[in-house]
Amino acid sequence: MQVPYSDFHVMHDSIRDDLNAAYEKVMDSEWFIQGKQDTAFEEAFASFLGVRHCIGVGNGLDALRLILLALGIGRGDEVLVPANTFIASALAISYVGATPVLVDPDPETALITPEESEKHITSKTKAIMVVQLYGRVADMEGFQALAQAHHLALIEDAAQAHGAERSGRKAGSFGIAAGFSFYPGKNLGALGDGGAVVTDDDVLAQRVRALSNYGATVKYHHDELGVNSHLDELQAAFLSAKLPHLPAWTEERRRLGARYEKEITSGKLRLLRHDPGNVYHIFPVFCEDRDALQRYLEDQGIHTLIHYPIPIHLQKAYQSLGHRIGDFPAAESLAASELSIPLYPGMTEEAVDYVIAALNAF
């Protein structure tokens, strides 16, 4: 049996007419940037999250960079960020001239904690960027208290957490602002690239919108040095067509994730602690002999991915931070043992049974 890591066919086939209609609507309008489709999606996504503002941008990295720019964070400043995240989280900090200060995650959740983060706060710290990794949500109440106590901006990297929840609130609604990605593989993915900044802060929203438009609120009147980053009309229309289906797709992911958590029983594998608000963007298993496990599953026709095999501090791009092997042991352990197994809307019960049986037989 062949089980792909991910398969968009079932999801997209079920709404193909809606996607085709979205395409036709944009083509007929002959308006491709900063039009009605972008505005409609921004309003719908903000409502979905329970926040006041959404600003569509080019991608998830731009979203994080624009938040930092809008907050005035730059050279000489420090921003706390997980050591085990995708490099985009750190790059956004570097691109505004600030320094990423890495925090080791809790190995039971793969998320950073307020307690560990507080150890890294200095007089130069200006913000904490909490990454809602794998579709899980960190202790945001604890981070809110920490940020308030130290007068720091709390930023969410929610690129993998569309619809994830904690205490009745959606990921993206806890901090001063959050960045989302709509890369095609995300739980809410475009048919190209895209991203968004969401916030409840009116002033921050206005500044992000201006910065994303060359620093202008009025055409040809540039008040500051901005960038060019927009969610184009076509991707906004596709996302609007998909958004109403996201809750159902999320429930399916949660059902499949619950099966994995209950039925994967091999003593050679470790799973993360259960998170009731998880949207299961990625389902990781951890194995000391990860590479052998991946080869074994490939032989069984089960396709897997390894997410983030090299933590930030060991990347060549971040040699300047001066870290060495052993500086972030939890991040290093997760990177060396993580394997992402198939989980996607439309995955059959037969395929899930097959994956579970193969894992337990390893």
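Analyst: A residue is called buried when its relative accessible area is under 20%, exposed when that area is over 50%, and partly exposed in between, with a 1.4 Å probe and protein chains only. The model is a predicted one, in which local features need pLDDT of at least 70 and side-chain atom pairs count only at pLDDT 80 or more, while totals for chains, interfaces and linings use all residues. Residues are numbered from 1 along each chain as its sequence is written, and side-chain values use heavy atoms, with hydrogens and water left out.

User: Why is Tyr280 called buried, and what is said about its phi?

Analyst: Tyr280 has a relative accessible area of 3% and is therefore buried, the limit being under 20%. Tyr280 sits in the loop between H10 and strand S12 (283-286), where helices (H or I, at least four residues) and strands (E, at least two) are DSSP runs numbered from the N terminus. Its phi is near 50°, a positive value in a residue other than glycine. Most residues other than glycine have a negative phi.

User: Which term applies to Ser167, buried or exposed?

Analyst: With a relative accessible area of 59%, Ser167 is exposed, since the label calls for over 50%. Ser167 also has a positive phi, of about 55°, although it is not a glycine, and its place is the loop between strand S6 (165-166) and strand S7 (169-170).

User: What makes Arg207 and Glu224 a salt bridge?

Analyst: The term requires a side-chain nitrogen of Lys or Arg within 4 Å of a carboxyl oxygen of Asp or Glu, and the closest N and O atoms of Arg207 and Glu224 are 2.5 Å apart, so the pair qualifies. The two residues link distant parts of the chain, with Arg207 in helix H8 (residues 202-211) and Glu224 in the loop between strand S11 (221-222) and helix H9 (233-242), 17 residues apart. Arg207 is partly exposed at 28% relative accessibility, and Glu224 is partly exposed with a relative accessible area of 28%.

User: Why are Glu263 and Arg259 separated by about one helical turn?

Analyst: The two lie four residues apart in helix H10 (residues 246-263), which means about one helical turn between them. An α-helix has 3.6 residues a turn, so residues three or four places apart point the same way. Glu263 and Arg259 form a salt bridge, their closest N and O atoms being 2.9 Å apart. Arg259 is buried with a relative accessible area of 16%, whereas Glu263 is partly exposed with 29%.

User: What holds for the salt bridge of Arg290 and Asp291, and which residues do shared partners join into one network?

Analyst: The side chains of Arg290 and Asp291 meet at 2.9 Å, N to O, with Arg290 buried at 9% and Asp291 partly exposed at 40% relative accessibility. Salt bridges that share partners join Glu252, Arg255, Arg259, Glu263, Glu349 and Asp353 into one network. A search of the whole structure finds 18 salt bridges.

User: How do you know that H9 is mostly covered?

Analyst: Eight of the ten residues of H9 are buried, among them Phe238, Leu239 and Ala241. The buried residues of H9 pack against helix H1 (9-13), H2, H3 and H10, contact meaning heavy atoms within 4.5 Å.

User: What makes Tyr23, Met27, Phe32 and Ile33 a nonpolar surface patch?

Analyst: Patches are made of residues with over 30% relative accessible area and no salt bridge, like charges being joined within 9 Å and nonpolar side chains (Val, Leu, Ile, Met, Phe, Trp, Tyr) within 5 Å. Phe32, at 41% and partly exposed, therefore passes the area limit. Phe32 lies in the loop between helix H2 (16-29) and helix H3 (36-49). The patch covers about 360 Å², with areas from the Shrake-Rupley method with a 1.4 Å probe, only the protein chains shown counting as cover for residues.

User: Why does the radius of gyration agree with a compact globule?

Analyst: The radius is taken over C-alpha atoms, and the globule rule is 2.2 Å times the number of residues to the power 0.38. For 362 residues a compact globule would have a radius near 21 Å, and the protein has 20 Å, which agrees. Buried residues make up 54% of the 362 residues, and the protein has 13 helices and 13 strands.
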